[in-house]
Amino acid sequence: MDLKERLAQFRAEEQRLSWEGTFLEYFEKVKAQPQIAGLAHARVHDMIMSQGVSTDEAGRKVFDFFKHDIFGVEKPLEQLVEYFNSAAKRLEVRKRILLLMGPVGGGKSTIVSLLKRGMEQFSRSEEGAVYAIKGCPMHEEPLHLIPDELRADIYREFGLYIEGDLCPACRQMVQDQYGGRMEDVIVQRIAFSEKNRVGIGTFTPSDPKSQDISELTGSVDLSTIGQYGSESDPRAYRFDGELNVANRGVMEFIEMLKCDEKFLYGLLTLSQEQNIKTGRFAMIYADEVILSHTNENEFNAFINNKKNEALKDRMILVRVTDLQTKAAGVRPLQPFTRSQ
Ligand SMILES: Nc1ncnc2c1ncn2[C@@H]1O[C@H](COP(=O)(O)OP(=O)(O)OP(=O)(O)O)[C@@H](O)[C@H]1O
Ligand SMILES: [Mg+2]
Ligand SMILES: [Zn+2]
């Protein structure tokens, strides 16, 4: 290996990813390539489909994205991709939390981790490029700068669907730094990275008594609150919870059913209304795919508990099992209903 050459390649690659421009320039990009402003579920679907899909002898779909790492679960994978396909079209399933359920060691974590790594790579490609308002703690979609009043016209003229409002930090930044001139706001290309806490989040339940909701939704920054005088000043708030971090991408919720209810209800609000309730602020818009998983025992205990009915209705279950060994089969992709 020629180290000098490889380092130069690496720098060139980083350079390629470091686009910066005004909101007006970004808007030109979106007009030319609307999928760069796609919502999270559509992005995941684009990512999977970008690798190609074929049909095997048994007539099942084989997704190249998964085919080297995970075997014998074609049907669940088909259901999973169908979920993303429907959610990408903003059908009702988008508002439900995806729950992978299956036997211990059955590949649930593997699937989620493939999707997370896949999103990191895809965001570095041209077709999967992601752009954000520079300085936004939630790296939000720049199209949020467009006022509600103009959105219908934008949709009519360019076919661009815009969902969500500026976060409190950006709203203040647009006033303070740009004097309200949205068109001048600086936009930058971002790369998803779990390590850098951009676009990929993970939440692991721990002791419910000590685990704080701020792990999900961020918290007041006690070191700056004196400076800004109020808890409702966005500059005194850290939008650094896992849900904030995962905006635009995916958030893994490990062993979801082990979690305390207060966390689950926060998740429901997010998946149903694309909103996070944070501190002293009004709801904050967020757009992300929640990938949760659980094993069969936890799941059975959960569905047998009457208290969980409301939650059950709001999830989409994909049963991850090997059809060859589990003749029990896979239920079609559907929300669990009260009768189950
Ligand atoms: N269908 C599969 N194809 C290929 N490898 C698999 C499959 N299922 C599981 N494995 C392998 O088995 C190991 C355990 O899988 P994984 O951790 O994804 O299971 P899990 O469903 O998350 O289990 P747990 O309930 O214990 O969390 C991994 O190394 C994974 O690569
Ligand atoms: Mg696991
Ligand atoms: Zn913002």
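These are my notebook entries on a predicted model of one protein.

**Conventions.** I count residues from 1 along each chain as its sequence is written, with chains lettered from A and ligands numbered from 1 in the order in which they are written.

**Confidence.** I looked up pLDDT, the predictor's confidence in each residue on a scale from 0 to 100, and found an average of 88 for the protein, with 94% of the residues scoring at least 70. Strand E15 (residues 334-335) has the lowest confidence, at a mean of 45, whereas E5 has the highest, at 98. Over residues 324-340 pLDDT stays under 50, and the model has 24 contacts beyond four places in sequence for them; a contact here requires C-beta atoms, placed from the backbone, within 7 Å of each other.

**Overall form.** I noted 14 helices and 15 strands in the protein, taking both as DSSP runs numbered from the N terminus, helices (H or I) having at least four residues and strands (E) at least two. The radius of gyration, taken over C-alpha atoms, is 21 Å, close to the 20 Å that the globule rule gives for 340 residues, so the protein is as compact as a globular protein of that length; the rule is 2.2 Å times the number of residues to the power 0.38. Of the 340 residues, 37% count as buried, which I take to mean 20 or more other C-beta atoms within 10 Å of the residue's own, against 12 or fewer for exposed and partly exposed in between, with C-beta atoms placed from the backbone.

I followed Val44 beyond its neighbours within four places in sequence and found contacts with Phe84, Leu115, Met119, Val250 and Val289.

**Helix H2.** In H2 (residues 23-32) I listed Phe23, Tyr26, Phe27 and Val30 as the buried residues. They lie on the same side of H2, because they cover an arc of only 105 degrees around the axis, the arc being that of the directions from the helix axis to the C-beta atoms. Leu24, Glu28 and Ala32 are exposed on the other side of H2. The buried residues of H2 pack against strands E1 (20-22), E5 (130-133) and E6 (186-190).

**Strand E5.** I then turned to E5, where Val130 and Ala132 point one way and Tyr131 and Ile133 the other way, and all are buried. E5 runs antiparallel to E6, joined to it by four bridges, and the bridge partner of Tyr131 in E6 is Arg189. E5 is also among the elements that cover the buried residues of helix H8, as is strand E12 (284-285); in H8 (residues 168-178), Pro168, Ala169 and Cys170 are buried.

**Glu120.** Last, I checked Glu120 in helix H6 (residues 108-122), which is buried, with 22 other C-beta atoms within 10 Å. Leaving aside neighbours within four places in sequence, Glu120 is in contact with Phe192, Ser193, Glu194 and Ile200.

Definitions and conventions
Predicted model: local features only at pLDDT ≥ 70, side-chain atom pairs only at ≥ 80, totals over all residues. Contact = placed C-beta atoms within 7 Å. Pairing = 2+ DSSP bridges.
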